[in-house]
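Thanks for coming. I will go through one model today, with the cut-offs stated as we reach them.

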Amino acid sequence: MNNFELLFQGFTVAFALPNLIAALLGGILGIVVGAMPGIGAVTGVSLLLPMTFKLNPTTGIIMLAGIYYGNMYGGAYSATLMNIPGDSPAVMTALDGYELTKQGKPGKSLFAGNVASFIGGSIGIIFLTIFGPLLAEVGLKFGPAEVAALIFLALTSIGWLLGDDPVKGLIASGIGVLLSTIGIDGASGLPRFSFGNMNLISGISFIPLVIGMFGFSQVMEMMQPGSSTHAEPAKRLTLRESFLDRSEMKRILMPSLRSALLGNFIGFLPGAGGTTGSFLAYVMEKKVGKNRAQMGKGAIEGVAASEAANNAAAVGAFVPLLSLGIPGSATTAVLLGGLMMWGLRPGPLLFESDPTFVWGLISSMYIGNLVCLVAGMAIIPFLMSFLRIPTKIMAPIIVIICIVGSYSVNNNMFDVWFMIFAGIGAFYLKRYAFPIPPVLLAFVLAPRFEISVRQALSISNGNAMVFLQKPIALGLLLFTFALLLAPVVMKIVAKIKKSYK
Amino acid sequence: MEILLALVFMTVSGYWLQQGLAVYGFYVDGKPGSGFIPVLFSILVMILSAIALVRAVRTKRAAPSKATPAGDASPTVSADIDSWKTRLQPLIPAAIAIVGIYAITYLGVVVAVALIAFCWVRFLSHYTVVRSFLFSVPIVLFIYVVFVWWLRVPFPRGVFGF
Amino acid sequence: MKRISVLFLCLIVGIGSLFAAAQAEQATYPDQPIELVVPASAGGGSDIMARLIVDIIQKNNFSSQTIMVVNKPGGSSAAGHSYVNSKPNPNYTLFTANTAHVLSMNINKSKSPKGEFTMIANLAMDNVVFVTSADSPYKTFDDALAAIKANPKALTVGTADNLDKLCVVQINQEAGVDFNTVYFNSAGEISTALLGNHVEFGIFNPGECIGLVEGGKLRVLAAFSPTRLAAPFEAAPTFAELGYPGVEFQMSRSIMAGAGMSREAQLYWSDVMEKVCATDEWKQNYIEKDGLEDLFLNADDFTKFNTESERKIVEAAKSIGLL
C-alpha cells in the first residue's frame, strides 16, 4: 500500500540521531509541563513552540509531537499523586488513580496509566495512518443536532452513574451546568449571572474550579483529625511493586482497547474532545467491564479507560487538522500556527502537496508515543519518592501548588479566591455524599451542549423535531433513554416477580 | 445540614429560573434565547433538590438521635463530627490560603510561599525550626524555578519588587 | 525555639530586599510576559493572524518577552473583551480586533468601563465572501436567491460575528429575501458545518476558507469587496456586479489593548507590529496567501482611522435596525 511506503520513508527520516534526541527531550519537557496543575497542554505547547523554530522543520515537528504526547501522559501524574487533575481529560483518571494512591498502590496506577496511554495513542495513530481523511468525513456527519445529542448522553449518564445516589448525582451535574452559564452568553453576547462583577462576566475558569474541588478540598479532609485520606506508607515503595503482573496486564488490555477506539472516534468529531471521550469510555467500562463493581474504588481498569481514551482522542484531533485544516482542539490550533510558520497550509490538499511532511509528522507520532512511554516508566521511581513525603509536609505543598497553579491560569487573583471558595463548597458537598466529578464534567460539557442545542434549533427555526429527524441524533437519544430506563425497568420487573412469589 | 444544602440549591436554581425567564428570555423570536439552558436546568435542579429535601426530612424524623448523614464521604471522621474543633479544623487551609493571597499581593510570591511553607510546617505540623527550614527551602526553590523562572507566570510584585 | 524562627523570618525578608534592589534597576518595559487575547475560537481568521504574529515576533526576536495567545471565544467577541477588561494591569494584555469586533463592542456594550480601548496598530484590510459547499445545488448566487425566495427562512447562513450578520441582513434587505442565520464560535466551525451539510451557506474571510476552496470542498458565490478578488476567488462576482451596489464591506484587522495602557507600552507595541508587517513571512505567508490587502497604520493614525470606521459601521447597523 502506498500509505505504508510513505510512512516507511517518514520513519527513515525520524530515526536519525538528532531527531531521536529531539523526541526524547520533547517528551520529557512535555511530561513535566503536563504534570503541573494549572498549566495544560495548550499552554505547554505554546510555551515550547518557539524553541522548535530554531531547528529544521522535521526535527521541530518531531519535538512538538513529543511535547504533545508528554503532556497527555503528564496530566495523569498529578491526578494520581495529589488528586489534582492537570487538565480536564484527567478528571476521570483521578477517580481511580488517587484511590489507588490512598491504598498505597500509586505505582500500579502510574504504570497502568502509562501502558493505557501508549495503547490509546498507538491505536489513534494507526487509525490515522490507515484511514486518514476518510475519518474526517465521518466526523463531518456530526452537526449541531448530533453533537447536542452526544453530549446529552454524556450529561445524563454523569449524574446517573457516578456516586451512590442518582438524585444527588443529577443535582451535582445540574449545579455544574448552572455554574457554566455564568459569564458572557456565547450566542447573544449578553452577560449572564455576573452580579456586576468584572471577573464573573468573563466566566468561571475550569482549572481553578478543578484545583479547588479536587486538590484543595483534599487538604481540608487531610486536616480533619483521624482522617486517613493520605496513607503514609511505612515501608519504602519499590519500583518492582509498581509493575503490573501478567494477570493485571490482561485486566487492562481489553478496557484500554475498547476505550481507545471510542476515544479516537470522539476525538475527530467537531468540538467534542478528550474530556467527553475519557468520560464516555469510563462510563462504558462501568457498564460492560468485568471489574465494574470496583470502578471508582481504585480499579486499574478505571485509570486505563480514562487514559487510553484521552490519548486516543488527542490523536483524533489531528484528523480534521491535517485533512481539512480545521483544528479539532485548542492544542492542535497552536500546532496550526506552527505549521503556517513553516509555510505549510493544512487543508484537503496537504496530503498530496506535502506528503513528506505529513508522513514525517505521522511517523514522528509513533516515535513520540514510544519515547513518552519509556520516559513515563523511567519517571515512576521519582514520582513514588514524592509520595514518601508525610502528610504534614504534603498539606502545605498542595495548598501552595493550588494557589500558584490557579493563579497561573489567567494571572488573576480572582481565580485563587474562586479556587478557595470551590474547595470549601466541594468539601461540604462531599461530606453529604454529593459526588464532585459530575459538577466538573457537566461544567466542561455544558457550554458546547448549550451552543449546539441552540444552533440546531436556530437552523430549524425553533422546531424541536430537528433532534428526531436526524438519524444519528435520534439513535443517540434513544440510546440515552434506554440507558436511563434500564435500571428502572429492571427494578419494576424484579418487584413484580417478587410479588408473584 | 443536608436540609440546608437542599434549600440552598432550591434558592440558587430559583434565582437562575427567575433571571432566565424574566431577563434573558427562554425563547426569543422563535429561537432559544440566552435563558434557554439556565431555565431548563434550574427546573431540573429544583425538582431534584425538592426530592432530596423530602428524603432528608424523612430520615431526620425517622432517626432524630443520629444526625450523621447516611453516606458520609469518609467514614473515619464520623466519630465526633459534631465537636467544634473537628468542624473548624478543615477550614484552616482556607484561612491560610486567604492570608496567602494577601501575602502574594503585598510581599511577592517568593516571600509569601516561604512564609506559608515555613509557618505551616513549624506551627501546624510541629516540626523543629531546623527541619521546617529544610522543608520549606526546596518548596520555594521548586515554585520559583518552575513557575516564575521557567513558565514565566507574571506574579504580582510585592514591596520587594520581585 | 521561637526566637530562632523569628530570626529566620527576618533573614528571608532581608534576602528579599537585597533581591529587590537588584531587580529594580533592570525593569524596562515589557518586564512581564504578554497575553494576546483572541476573542474567537481556534482556527478562525483572528486566531490564524494572532498565532502568525506571535511566531514572527519570537522567531525574529522583536520582543524579549514571551507572548501567549489566549482564545476567549463566545458572544461575538464580547467574552474576549470582558476578559481583557478583567485584567488589573492593562500594560500586559493585547487583543486582536477587526471591524466586526468594533461593531460588537457597540451592540453588546462590551467596551471597557474604564474608557476607550487603546489602539495599537492596523495591520491589514480583509475581505468578506459568501460561500457554499462544493456539492450544494446552488451554483451561483442567483440560484441561492431563487431558492430562498421560494422558501423563506428555510436556508441558513452560518455567521461568526455581528459583521457577518450585518452582511446577511443587508443582503436580505437589498434583495428582499429572508435568509435564516445561525451563530458559530468561529469560521472554522462554520466550515465544519458547511462540509457536513448542516447549514447551506457561510460568511468567511478569504483566509479562512482558502485551503478548502483550493481543495475543491467549498465554492465562493459572491464577494463583498469593491472589486473582484485575486485567485482562487477570481470567479466570484462582487455584489455590485450582481446588482446590489449597497452590499459592500471590507474589514480592518488590527491589534488593540485594554483601556488605560501607558503611552510607552502603546508605542512599543506599535513599533513591534510595524516590524512584523515588514517581514517576508508576514507578506508571503499571510497577506498574499490569505488574500488580504496591506495597510499598516501606527498607533496614532489607527486611532483616527478607527474613529471614522467605527462611526460608519455603527451608522450602517443603525440603518438596518441591528443597533
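Of the 323 residues in chain C, 54% are buried. Buried here is a count: 20 or more other C-beta atoms within 10 Å of the residue's own, with exposed at 12 or fewer, partly exposed in between, and C-beta atoms placed from the backbone.

Some housekeeping. This is a predicted model, in which local features need pLDDT of at least 70 and side-chain atom pairs count only at pLDDT 80 or more, while totals for chains, interfaces and linings use all residues. Residues are numbered from 1 along each chain as its sequence is written, and chains are lettered from A and ligands numbered from 1 in the order in which they are written.

Staying with chain C, its C-alpha atoms fill a box of roughly 90 × 40 × 35 Å along the principal axes. The chain has 11 helices and 11 strands; these are DSSP runs, H or I of at least four residues for helices and E of at least two for strands, numbered from the N terminus. Take contacts in chain C between residues at least 6 apart in sequence: 80% of them join residues at least 24 apart. A contact means that the two C-beta atoms, placed from the backbone, lie within 7 Å.

Next, the sheet. Six strands of chain C form an open, mixed sheet, in the order β2-β1-β3-β10-β4-β11. Strands pair if DSSP finds at least two bridges between them. β2 (67-71) and β11 (293-297) of chain C are at the edges with a single partner strand each, so one side of each has no neighbour in the sheet. On average, neighbouring strands are turned by 20 degrees against each other, direction ignored. Inside the sheet, β1 (34-38) and β3 (93-98) of chain C run parallel and are joined by three bridges. E35(C) stands opposite T93(C) of β3(C). Across β1, β2, β3, β4 (118-126) and β10 (251-257) of chain C lies α2(C), running at about 170 degrees to β2(C). Axes are lines fitted to C-alpha atoms, for helices over the stretch in contact, and angles run from 0 to 180 degrees between N-to-C directions.

How is chain C divided into domains? The assignment gives domain 1 (34-126 + 250-319) and domain 2 (129-223); such bounds come from an automatic or database domain assignment. The C-alpha centres of the two domains of chain C are 26 Å apart. In contact are 26 residues of domain 1 of chain C and 16 residues of domain 2 of chain C. On the domain 1 side, α2 (45-60), α4 (99-107) and α11 (299-319) of chain C each supply at least two residues, and α4(C) gives the most, with six residues.

One backbone item in chain C: N197(C) has a phi near 60 degrees, a positive value in a residue other than glycine. Most residues other than glycine have a negative phi. N197(C) sits in the loop between α7 (187-195) and β8 (201-204) of chain C, and counts as partly exposed because it has 13 C-beta neighbours inside 10 Å.

Last, chains A and B. 59 residues of chain A are in contact with 60 residues of chain B. On the chain A side, α20(A) gives the most, with 10 residues.
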